[in-house]
Amino acid sequence: MLQRIGSIGLALHLGLVFLHNICNIQPPSTDVKSALDPITHTMQKLCSAPGFRHYGQLAGIHGCYGFYSPQVGSIYSSRIEVRCARTATELRLSSPGLRTTASKIRYCTLLEALEGWRSGVDQTKAPALARATAQSIYNHVQRQYPDRAIRLRIYSIRIPSLSELRTKKQTNKMITPIYEQPTQQKHPLCNSAHFW
Amino acid sequence: MNSQRNRNTPYATAHTFGDGLQLLPRGIGLLLGIEMIQLWADLSLLYGPHSVYDAALLPYWHSGSSWNWEELFRSAHPLWIHATATLYSICCVCLVFGRWVPYSSLLLLIIHHGLFMADLRWAYGADYLAQTGLLFSLLFSYHPRTDSRHKWQRTGVYFWQAQLVLVYFFGGLGKAMGPTWWNGEAIWKAVQQPFPSNLLDIPLHWGSWTACWVIMGIAVVLLELGYAMAWLGTMYRRIICITTIGMHVGIALTIGLYHFSALMIWYNLCAWYYPYRTQTSYPIHNAPLGHAAPDAASTIKTASIQYKERR
């Protein structure tokens, strides 16, 4: 009897995995998307019911499994320059003091999660969360080096597509500054070779 | 060869269909333990009052579960973060050595949720999958001592396989929805991501071999969509298992996501590789596995320790 209940529970678990993922599917065309909208809306409501939501989080199934889908997202990077006026030295950091690879990978995903940075757009129009996060990182470094001048830059890294490489239109990774703290200055695009 | 070995070994080392699930927590414990050791030096930058992240922004990342550990960490002494990480590591060690597995799994499930799931700032794909693995460890990781428990564990293997089938199927379906995995652009962009510590850097001029990237992109989509074919039989299972492991080795080497890759390889081995056999009968008197008397092997009829391939 207990096993039967357990099996039903596990079947529900898999059903919930199915629902969460169906809700997050991005159909290829807007026609299909609009046709499926009522269904996905109902499913989303079901998934966000308190019981299902909490269970989903506890079981790690509340996200969807679309890793790198339907396409690989933009890639962001940060560089922090800590300048000491007295000794005229500059310390360059790629992350705000993180030392291990494991935490740097998580920091990368934090930057990626702030999707909405756009190059060539006024940084005041960047999403509030992205700007607040950059400000937060800046504040943290300033607390670490209170008597130094700090400059934080967030970059977007543009990888040349296969067709661009084939036609020699772009043959290097392009690093584009998209956010700067404390003030924004015009910077030319630079190749990755000059970045690191 | 196996039958020869089985004839001479007591039940303590018997290989059964459910062994994969029994071993699942050991691998999860090892991998989560290694990850925590790596994160240890930066814990105070990730959590608590000295975190990189301002407290005012926390609500944006809160996943909506009823408790938020980060708020507790912010108001408590920084030592609590390391105390929590120590408890996390102890649970990992217990899982690795197979001690108090259900309790350790439960505690680790709760702590892992608190550190990575309740607040999604520092979470990525591997954390979600680790959480699911811990849930299965909690439900199925014990030595079955009765027929009914044995059956329950076998049921668990099928559910674990189904879980992985859904993971890969929806991964593949999502990729198939866009054009970039079909024309090779996505896999090219993925391997060019500047994650730290990747072992193999793919030179940019390799991008001129478009056909290779197209084939690899399509192969990844088809592999993920067709992952369920592992249920069709031994040959399909081997092909799917080997190619999936190959894909994860590639992800580890080129993108540098070692933790994620190792976790998925372990999950695949536990689901499909571990002697995919079913026991045709059970020990006499349902003697507990692992507690057989020294002469148990001789008292068990030959037929009772024979295995057969399921397919």
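Me: Start with confidence, then: what is the mean pLDDT of chain A, and where is it lowest?
Reply: Chain A has a mean pLDDT of 80, with 86% of its residues at 70 or more. Confidence in this chain is lowest in strand β5 (residues 190-191), where the mean is 54, and highest in helix α1 (residues 2-24), at 88. Where pLDDT is low, the predicted coordinates should not be read in detail.

Me: OK, and chain B, how many helices and strands?
Reply: Chain B has 14 helices and 2 strands, and buried residues account for 43% of its 311 residues. Of the contacts in chain B between residues at least 6 apart in sequence, 77% join residues at least 24 apart.

Me: How many residues of chain B are in contact with chain A?
Reply: On the chain B side there are 62 residues, in contact with 61 residues of chain A. Several helices of chain B each supply at least two residues to that side, including α2 (19-40), α7 (101-117) and α10 (185-191). The largest share, 14 residues, comes from α9(B).

Me: And by class?
Reply: The side of chain B that touches chain A has 30 nonpolar, 24 polar and 8 charged residues.

Me: Back to α1(A): which of its residues are buried, and what covers them?
Reply: The buried residues of α1(A) are L10(A), H13(A), V17(A), H20(A) and N21(A). The cover over them includes α2 (30-47) and α3 (50-59) of chain A, together with α9 of chain B. As for its geometry, the 23 residues of α1(A) should span 33 Å at 1.5 Å a residue, and this agrees with its end C-alpha atoms, which are 33 Å apart.

Me: What about α8(B), enclosed or exposed?
Reply: Helix α8(B) is largely enclosed by the rest of the structure, because 15 of its 16 residues are buried. Its end C-alpha atoms are 23 Å apart, which agrees with the 22 Å that its 16 residues should span at 1.5 Å a residue.

Me: How many residues are in the largest nonpolar core?
Reply: The largest nonpolar core has 110 residues, and those with the most contacts inside it are L108(B), I187(B) and L263(B). Helix α13 (residues 258-273) of chain B gives the most to this core, with 10 residues, while domain 1 (2-59) and domain 2 (75-194) of chain A each contribute at least three. Leaving out residues up to four places away in sequence, L263(B) touches L31(B), A126(B), L129(B) and A130(B).

Me: Changing topic, which backbone angles should I look at? A88(A) has phi near what value?
Reply: A88(A), which is not a glycine, has a positive phi near 55°; A88(A) sits in the loop between β1 (75-84) and β2 (89-93) of chain A, and counts as exposed because it has 7 C-beta neighbours inside 10 Å. W100(B) is another residue to look at, also not a glycine, with a positive phi of about 45°. W100(B) lies in the loop between α6 (79-96) and α7 of chain B, and its 13 C-beta neighbours inside 10 Å make it partly exposed.

Me: Last one: what is T171(A) in contact with?
Reply: Setting aside neighbours within four places in sequence, T171(A) is in contact with P160(A), L165(A) and L204(B). The C-alpha atoms of T171(A) and P160(A) are separated by 6.3 Å, with the two residues 11 apart along the chain.

Methods: Residues are numbered from 1 along each chain as its sequence is written. Chains are lettered from A and ligands numbered from 1 in the order in which they are written. This is a predicted model: local features need pLDDT of at least 70, side-chain atom pairs count only at pLDDT 80 or more; totals for chains, interfaces and linings use all residues. Helices (H or I, at least four residues) and strands (E, at least two) are DSSP runs, numbered from the N terminus. A residue is buried if 20 or more other C-beta atoms lie within 10 Å of its own, exposed if 12 or fewer, and partly exposed in between; C-beta atoms are placed from the backbone. Two residues are in contact if their C-beta atoms, placed from the backbone, lie within 7 Å. Ala, Val, Leu, Ile, Met, Phe, Trp, Tyr, Cys and Pro count as nonpolar, Asp, Glu, Lys and Arg as charged, and the others, Gly among them, as polar. The expected span of a helix is 1.5 Å times one less than its number of residues. pLDDT is the predictor's confidence in each residue, from 0 to 100. A nonpolar core is a set of buried Ala, Val, Leu, Ile, Met, Phe, Trp, Tyr and Cys residues joined through C-beta atoms within 7 Å. Domain bounds come from an automatic or database domain assignment.
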